[in-house]
Amino acid sequence: MLSGGGRELRSALDQVGVEPGMDRSEQAVGTSGIGTVLEAHQPLMIVGDEHYKESLDRFVCSGVPIFDPIGNRLVGVVNLCSSTGENNELMMLLARRVGRSIEARLRDTSTQAQRALLDEYIRMCRTPAQAVVAFGPETLMMNSQASAILGPGDHAVLWNWAEEWISRRNSMTGVVELTGGVTSRIRASRVLVDSVTSGVVLSFLPDESPQPSRLLSEPRGGKWSRVWESTLERVRAAGNTSHVVALRGESGAGKATLAAGLLDRGVGHVEFLLPANDDEQRVVLHDVRAALHGSKTVIVRRVQNLHRSQIANLASYVEAATAPIVLTGAESWGSEDAFAPLLQAVDVIIDVPPLRERTADIPQLVAEIIAASDIDCAPLRFSRDSLGALMRCSWPRNIAELCCVVNSAILNSGFNDVKLHDLPAEYRYVGPNMQLSTLQIAERDAIATALAGNGWNKSATAKHLAIGRATLYRKMREFGIEA
């Protein structure tokens with residue numbers, strides 16, 4: 001603590017127990033210029049009777065938190081104190097300057113590697129609304145946008161993903177599945193100091209569910225399947241003739257890409273994502289209502305989240321709209337009677353097929369995913385066996401899931417041509433033309449994982465799974481699992 005005013009003020013502070021070694025936390029003394037700043041993590045001025053303890057009423061305290069600029073950890077507080085009768089208008093300004101000077105000194109005493117990581121992190125944070133995370137051997141930094149996205153377990157997920165390639169590539173763009181089941185497209189950049197890796201900075205790219213860049217045009221590997229070409233034709237026709245279009249389908253099937261790519265009429269578009277929370281939904285629908293009287297195409301996603309009380313409201317907004325409208329939602333939305341008012345406002349409904357109904361497109365989709373991944377090396381190819389395995393999978397999360405698998409296989413291959421064994425274990429072994437139920441998929445994955453974990457020793461695997469060897473062999477044949 002810094003004090004001014006001579007012997008009288010120092011004596012007054014001594015009388016209330018303000019001295020080295022004393023506990024000045026908010027739990028110990030209540031509201032104060034030190035403890036409250038520690039709790040609030042922000043600059044505060046506590047004046048007179050704002051203090052919890054009456055003995056502190058005669059003081060004005062200006063407190064500023066001090067953060068370690070590398071780890072962004074709260075390491076202390078600068079607290080300037082004077083009596084209430086003195087001029088203290090400049091105390092907070094002075095406290096802030098002292099705090100910033102201390103933080104600058106902490107930065108100067110950090111290692112060159114830590115400073116390089118911090119500089120790159122700060123540079124990436126300059127992009128508005130972009131979530132950024134920086135990892136180092138003993139460092140974790142993230143901005144507020146990243147904190148809102150990530151849970152406690154996601155830090156390890158991101159580090160494990162980055163660690164797989166950090167020693168081999170300077171940069172990489174890929175899709176990562178976070179602990180909540182949400183997939184994010186992330187750009188990772190390695191930070192080097194004298195050719196030594198000091199850390200990695202991850203920036204979250206804006207697309208919530210990334211899709212291959214040429215999903216709507218001629219693919220590199222040939223033509224799309226008849227199923228997908230037919231869907232594209234129906235969407236194009238709807239864009240030319242209909243004012244309100246509804247797209248239904250499973251998550252990750254490509255609804256948002258179709259809406260943004262083919263239905264914005266060339267005038268641009270604005271997207272709204274309907275949250276599940278009723279209060280948040282009201283706020284979003286207020287913005288939707290305003291946008292519907294503009295010139296851009298309005299895309300409203302996750303319509304299945306609409307609360308019953310909001311369905312009629314959105315229906316009335318749509319009927320009065322001047323802008324073109326696209327509604328997207330799960331394959332089942334609209335089946336309930338409650339959605340009838342909204343469906344009456346829709347001109348055409350198009351069902352978007354899931355990936356399992358267009359597996360012939362997988363070789364082309366894989367090529368597009370590779371091209372979109374920004375891998376700075378020779379073109380990669382997937383072997384015939386690996387593509388065949390992917391074409392026999394059921395893909396419950398559709399293209400978003402395929403993106404994750406392709407990027408994982410590329411990492412497993414060491415950025416070389418991808419073979420069957422480079423695919424994640426649960427995607428390698430599916431029998432020819434099998435359509436597996438959810439229970440069968442879980443059973444197949446458990447067997448494949450157990451085999452890999454036991455070094456493909458059949459006896460050990462059977463014992464591990466508590467089944468007979470004959471049953472294990474039969475299940476391996478049934479699911480097409482081969483060593």
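Modeller: Ala466 sits in the loop between α17 (458-465) and α18 (469-479). Helices here are DSSP runs of H or I with at least four residues, strands are runs of E with at least two, and both are numbered from the N terminus. The model is a predicted one, where local features need pLDDT of at least 70 and side-chain atom pairs count only at pLDDT 80 or more, while totals for chains, interfaces and linings use all residues. Residues are numbered from 1 along each chain as its sequence is written, and side-chain values use heavy atoms, with hydrogens and water left out.

The phi angle of Ala466 is near 60 degrees, a positive value although the residue is not glycine. Most residues other than glycine have a negative phi. Ala466 counts as exposed because its relative accessibility is 69%. Exposed means over 50% relative accessible area, buried means under 20%, and partly exposed lies in between, with a 1.4 Å probe and protein chains only.

Arg302 also has a phi near 60 degrees, again positive without being glycine. Its place is the loop between β12 and α11. With a relative accessibility of 35%, Arg302 is classed as partly exposed.

Now the chain as a whole. It holds 18 helices and 14 strands. Of its 483 residues, 47% are buried. The accessible surface comes to about 23900 Å², and carbon and sulfur atoms own 49% of it; such areas come from the Shrake-Rupley method with a 1.4 Å probe, and for residues only the protein chains shown count as cover. Among contacts with a separation of 6 or more, 62% join residues 24 or more positions apart. A contact means heavy atoms within 4.5 Å.

Two packed helices are described by the angle between their axes and the distance between the axes. Helix α10 (residues 278-291) packs on helix α11 (residues 308-319) at about 5 degrees, and the axes are 11 Å apart. Axes are lines fitted to C-alpha atoms, for helices over the stretch in contact, and angles run from 0 to 180 degrees between N-to-C directions. α10 and α11 are therefore roughly parallel. Angles under 35 degrees count as roughly parallel, over 145 as roughly antiparallel, 65 to 115 as roughly perpendicular, and the rest as oblique. On the α10 side the contact uses Asp278, Gln281, Arg282, Leu285, Val288 and Arg289, and on the α11 side Ser309, Gln310, Leu314 and Tyr317.

Another pair is helix α13 (residues 362-372) and helix α15 (residues 398-412), with an angle of about 65 degrees and axes 10 Å apart. That angle makes α13 roughly perpendicular to α15. The contact involves Leu365, Val366, Ile369 and Ile370 of α13, and Leu402, Cys403, Val406, Asn407 and Ile410 of α15. The crossing of α13 past α15 is right-handed. A crossing is right-handed if the near helix is turned clockwise from the far one by less than a right angle, and left-handed if anticlockwise.

Strand β10 (residues 244-248) has five of its five residues buried. In a regular strand the side chains alternate between the two faces of the sheet. In β10, Val244, Ala246 and Arg248 point one way, while Val245 and Leu247 point the other way. β10 runs parallel to strand β13 (residues 325-329), to which it is joined by five bridges; Val245 has Val326 as its bridge partner there. Strands pair if DSSP finds at least two bridges between them. Strand β14 (residues 348-351) also pairs with β10 in the parallel sense, over four bridges, and Leu247 has Ile350 as its partner.

The buried residues of α9 (residues 255-262) are Lys255, Thr257, Leu258 and Ala259.

Strand β3 (residues 59-67) is largely enclosed by the rest of the structure, because eight of its nine residues are buried. β3 runs antiparallel to strand β2 (residues 44-47), joined by four bridges, and Ile46 is partnered by Cys61. Nine bridges pair β3 with strand β4 (residues 74-83), again in the antiparallel sense, and Pro65 is partnered by Val77.
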